[in-house]
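Subject: Structure handover

Hello,

Here is the structure I said I would pass on. My notes on it follow below.

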Amino acid sequence: IEDYTVFTGCIISNNTAVNGGGFQIQAGILLTNSVIVGNYSSFSGGGLAMGGAASKVVVDCTFSNNRAGNIGGAINDGSWNTTRSLVIERCRFVKNSSASYGGGVFITLSAAIRNCLFAGNQSLGTGGGGLAFGNSRANVENCTIAGNRATAGGACMMDWGATPTFTNTILYGNTVSSGTLTNFSGTDAASPLLDHSCMAPTWAGGTLNITNNPLFVSNGTGV
């Protein structure tokens with residue numbers, strides 16, 4: 001897909017590719033009200049692989065049970081282009097997996113992630129069960145990141161100069177392979193700032209955070 005494209009009300013399921021098991025796009029995209037489920041990529045972006053210089057917007061979508069043989073179980077943005085932006089809003093990422101970075105998503109650009117759920121995703125290799133950031137200035141707001149699992153960084157992995165911020169976000173019940181509660185890993189694991197958030201274990205980088213049990217209806221899954 002080479003031009004600016006709008007997808008709305010789509011079901012993209014049970015497809016296979018090297019990059020972008022569901023689909024791959026190198027141009028601008030507005031993806032709304034869609035379900036991306038059960039797709040597989042042998043390398044990156046089990047549900048969706050993105051690149052190119054245009055900005056991307058993903059709103060009101062569900063990504064579930066997508067798998068990647070390397071990075072980005074649900075979404076991989078591999079452009080390493082920090083001048084463009086990605087917006088992900090009101091989306092659900094549930095039970096996606098990758099063999100390396102980012103069981104849910106792998107992001108390498110400026111991103112705004114708002115009002116999203118990351119639950120039950122898994123990175124089987126390098127780390128970042130829910131999300132992995134590479135050289136990314138991501139702002140994560142009003143999200144729940146819970147019950148994800150990875151070799152390292154049950155919730156998130158941060159490398160290559162990543163500086164994410166988390167605001168009013170729940171990070172709870174994320175574990176590494178041993179079962180230990182661990183949210184962050186990577187060479188930039190000390191970089192994230194958290195404010196007005198709920199997490200366990202506690203985190204020193206931020207203000208007005210709590211460690212109270214969020215009392216999920218389905219404990220540990222974020223739903």
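The sulfur of C91 lies 4.8 Å from the closest cysteine sulfur, that of C61, which is too far for a bond. A disulfide here is a pair of cysteine sulfur atoms within 2.5 Å. A search of the whole structure finds 0 disulfides. C91 is buried at 1% relative accessible area, and C143 is buried at 2%. Buried means under 20% relative accessible area, exposed over 50%, and partly exposed in between (1.4 Å probe, protein chains only).

Before you read on: this is a predicted model, in which local features need pLDDT of at least 70 and side-chain atom pairs count only at pLDDT 80 or more, while totals for chains, interfaces and linings use all residues. Residues are numbered from 1 along each chain as its sequence is written, and side-chain values use heavy atoms, with hydrogens and water left out.

Salt bridges

A salt bridge is a side-chain nitrogen of Lys or Arg within 4 Å of a carboxyl oxygen of Asp or Glu. The count by this rule is 3.

- D60 and R90 meet at 2.7 Å, N to O. They are 30 residues apart, D60 in the loop between β9 (56-59) and β10 (62-64), R90 in the loop between β13 (85-89) and β14 (92-94). Both are partly exposed, D60 at 28% and R90 at 42%.
- R90 also meets E89, at 3.7 Å, N to O. E89 is buried, at 17%.
- E89 in turn meets R114 at 3.3 Å, N to O. This pair spans 25 residues, from strand β13 to strand β17 (residues 110-114). R114 is partly exposed at 25%.

Through shared partners, D60, E89, R90 and R114 form one network.

Strands

Strands (E, at least two residues) and helices (H or I, at least four) are DSSP runs, numbered from the N terminus. Two strands pair if DSSP finds at least two bridges between them. An open sheet of 7 strands runs in the order β4-β8-β12-β16-β20-β24-β28, with parallel pairing. β4 (23-25) and β28 (184-185) are at the edges with a single partner strand each, so one side of each has no neighbour in the sheet. Within the sheet, β16 (residues 105-107) and β20 (residues 131-134) pair over 3 bridges, with F106 opposite A132 in β20.

S41

S41 sits in strand β7 (residues 40-44) and is buried at 0%. Leaving out residues up to four places away in sequence, its contacts (heavy atoms within 4.5 Å) include A17, N19, G46 and R67.

Regards
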